[in-house]
Structures are given as C-alpha cells and as structure tokens.
Amino acid sequence: MKKILVVCIGSLFLITLSGCSLGDVVDRFSDSEDTQIQDINPGSTRVYMDEIRGTLQYFTGNQLTLLSGSDNYVFDISQATLECSDGMLCGDAVSVIYEGQLDSTDTGAVRVLKVVDDYHDTSEVKEGTTRGQVQNLTANSITIKSKGGKTVTFPITGTEQYYQGGIKAGNWVYLHYKGDFGPASADDPNVLDGSQMKIYSVSDIDPLNVPAPTPTPAPQEGVEIKPENKLRAVIQNIQTNILQVSPENTTNILNLDMSAIPCYFSGGIESGAHVNVIYTGDFNGTTLDGLTILGITGDIPENLSERNTGFTISGEITASTANTITLLTSDGVRITCNTESASNESTGGLLTGSSVKVTFNPADSRQTNIYTALKIEDP
C-alpha cells in the first residue's frame, strides 16, 4: 500500500513539474486517439447497401421497372444476379438489393447487386386460365383472340401442349398461366401484352388430360387391320398446323399436317427435340405418300438425361445480367436463360449482338420463365 502511494505521489509530482494538469493529459490522449481513427482511410467514401421492395412491371433482360408505393423505378440490372423462383413475371413481388443511395426515383447513382423474391410479401402471383381462337403458333409463341376481340401473344417455350383434335388457325384453346398482363398497345387497345407471363399449358380441352395410348385391337377374322408404325424424327420448325421434321439420322424434311390428328408435346415444340410419328402404310424414307398419320408425340423431358436432351433455343443476345442472357428468337420472342451451370462453346463471348444456340431441358423450367441453359454454342 505504501508503494502504491509513493508511485501516485511521484506521478503527480512529474505532472506538476511539466506544467500540465491531469485534465490536460487526458485531453491530449483523447485528441491523439481521435486523430488516429479519422486517418485510418483518408478520403474514403462509405458505401451504403439497401433494398427496395415492390411489384415487377416490366423486364427487358438487363433493365426492370419496379412499382413501389405509387412510384416507378427503372433499374439497370446488367451487373446483378437474378434469383426469383418464378423468374421475372409481371405482377410478381420482388426485392431489388443495391449499393449506393437513391435520389427520389432517380436510380442512376446505385448499382444493383441482386433481384430476389420479396420474402416480406406472402401473396401469390396471379394464376388463371384464358381461352381464345388460335391465330398463329410457332415454336416459342402462340397468338390467340378472345371472344371479346382481345388479341394476345404468349411465350410458350418449353410449354406442355396437347391438341386432342389437332391444331390449326381458328381452333379454340385454353391456356393456364401465371403472372399479369402488361398494358394494352398504344396503337390498338385490343392488343394486350402477355410477354411477361409464364404459360404452364396449352390445350384444346380443359382440364388437360392426355389419355393412355389405345391398345392395338385383336385381329378379327375377315377384317384387315393395318399395323401401326412409329417414325422417330427431329423437329426442325413449326408454323401453326405444319410441323417440319427430319427422320432421325437424315436431312430429309417432311411436312406433317397437324390439323386433324392428336398431338402431344410434353416439353413444347422446340427445334432439336424428338417426336414419334404414328402412322400406317409403308414409309419410303423420303415422302409421306401413301401414309396415314395417326398422331404425333414428343419426348417427355423428365425422362431425359442431360446428355440426351435435344430441346434448343436459337437467337441473338440482346441483353445480359451477371447470371443470365436474353435472346431474341426468329419468331420474335425474348427468352431469358440462366447461364450459371452451362458449358459455353460459343465464339462470341456472350456479348450483345452474338448469335447462339442454347440447349435446355423444359423439365427444369416448369415453374419459371427463366430457362436453365445446359450448353451454349454457335447456331
């Protein structure tokens, strides 16, 4: 105790000799500490990270419009990753995570990092069924006209399709979908925008119920039953009721009229996909002369391995994000593909303006309008 007392007295004696009070010493220590903290990163700018929640109004491939409250925000998402389970659907509740600070609705000073499902919003995206007369059918789109005169073009890449009575212009079909319609065309209020929706199925019956194959009847005495044959072929193109295919391992083109025959495409009508053509007669390898086509059935994607998947999308890259590319196809549809797990054999570097062919399996995208790319190559 005496030693401690001596040390304290000695310290006070030294402070007195130096002309400083104890308060002066404490102040100097505090000033020195503040200076050191302030000089750790001189000239650095603090980066803020935040999120804004709202309803997706429009998506172009590298830009989105978000309605939050009563305000619209347009974000550049070319450096962001897209992580929404439904894809990018009009009417979906999403969160935009960004760094920087918003200036009212001006998004120019922020960098978007992610677009994700809004976990704060538990409401489901709208699902529904609509009906209309077929105007046009391609590999990636169907255009229908409603009874009330509204015309809509829907994206149907990889969509399950069943036409019990065949398919042709003027036939009535049902579409089961998820998402909201976009605004009507400024030029024609009867033309609606269905481009930002997910179409689950298209069929001329509702609900869609594909019957089991009809067994071949037992032969009856005195009645000739023509045997059914099966031709394995690869889809090349489709234009409404005409399906172009090539018999497997050939380059011959056959034009199949689907106007009045049952057709089932579990994974859509994409080029490169295989179909089985059921017919009677003798096929000569080059023409359909003398054949009676009974039906057409496509492969079931869920039964295919990645190596055996032949469904492809071809088009020009119009936009990209950190994990997706968006293609504009020859039939005028914009299709977004996730590239994270894809093998890339293309020579264009996935740059805007490059033309590519994407192999995908529709089974991976039954619930989303963003398709998982398996392979990317030159067309």
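Predicted model: local features only at pLDDT ≥ 70, side-chain atom pairs only at ≥ 80, totals over all residues.
Residues are numbered from 1 along each chain as its sequence is written, and side-chain values use heavy atoms, with hydrogens and water left out.

So which residue pairs with Glu99 in a salt bridge? The partner is Arg111, and the closest N and O atoms are 3.0 Å apart. Arg111 sits in strand E6 and Glu99 in strand E5 (residues 93–99), so this pair ties together parts that are 12 residues apart in sequence. Arg111 is partly exposed, with a relative accessible area of 33%. Two terms there: a salt bridge is a side-chain nitrogen of Lys or Arg within 4 Å of a carboxyl oxygen of Asp or Glu. Strands (E, at least two residues) and helices (H or I, at least four) are DSSP runs, numbered from the N terminus.

One joins the side chains of Asp118 and Arg53, at 3.8 Å from N to O. Asp118 is in the loop between strand E6 (111–117) and E7, while Arg53 is in strand E1 (residues 49–59), so the pair ties together parts that are 65 residues apart in sequence. Asp118 is buried at 8% relative accessible area, whereas Arg53 is partly exposed at 39%.

The other is between Asp299 and Arg232, with the closest N and O atoms 2.9 Å apart. Here the loop between strand E19 (292–298) and strand E20 (312–320) holds Asp299, and strand E14 holds Arg232, so parts that are 67 residues apart in sequence are tied together. Asp299 counts as buried at 13% relative accessibility, and Arg232 as partly exposed at 28%.

Now have a look at Asn140, in the loop between strand E7 (127–137) and strand E8 (141–145). Is Asn140 buried or exposed? It is buried, with a relative accessible area of 6%. Setting aside residues up to four places away in sequence, Asn140 touches several residues, including Phe154, Thr157, Glu270 and Asp331; contact here means heavy atoms within 4.5 Å. The side chains of Asn140 and Thr157 also make a polar contact at 2.8 Å. A polar contact is a pair of N or O atoms within 3.5 Å; within protein, one must be able to donate a hydrogen and the other to accept it, and residues adjacent in sequence count only if both atoms are side-chain atoms.

Finally, the backbone. Most residues other than glycine have a negative phi, and most peptide bonds are trans. Thr240, in the loop between E14 and strand E15 (242–247), has a positive phi near 55 degrees, and Thr240 is buried at 8% relative accessibility. Asn249 has a positive phi near 70 degrees, in the loop between E15 and strand E16 (254–257), and Asn249 is exposed at 79%. And the peptide bond from Asp206 to Pro207 is cis, with omega near 0 degrees; look for Pro207 in the loop between strand E13 (198–203) and strand E14 (229–239).

Notes. Buried < 20%, exposed > 50% of the residue type's maximum accessible area, 1.4 Å probe, protein only.
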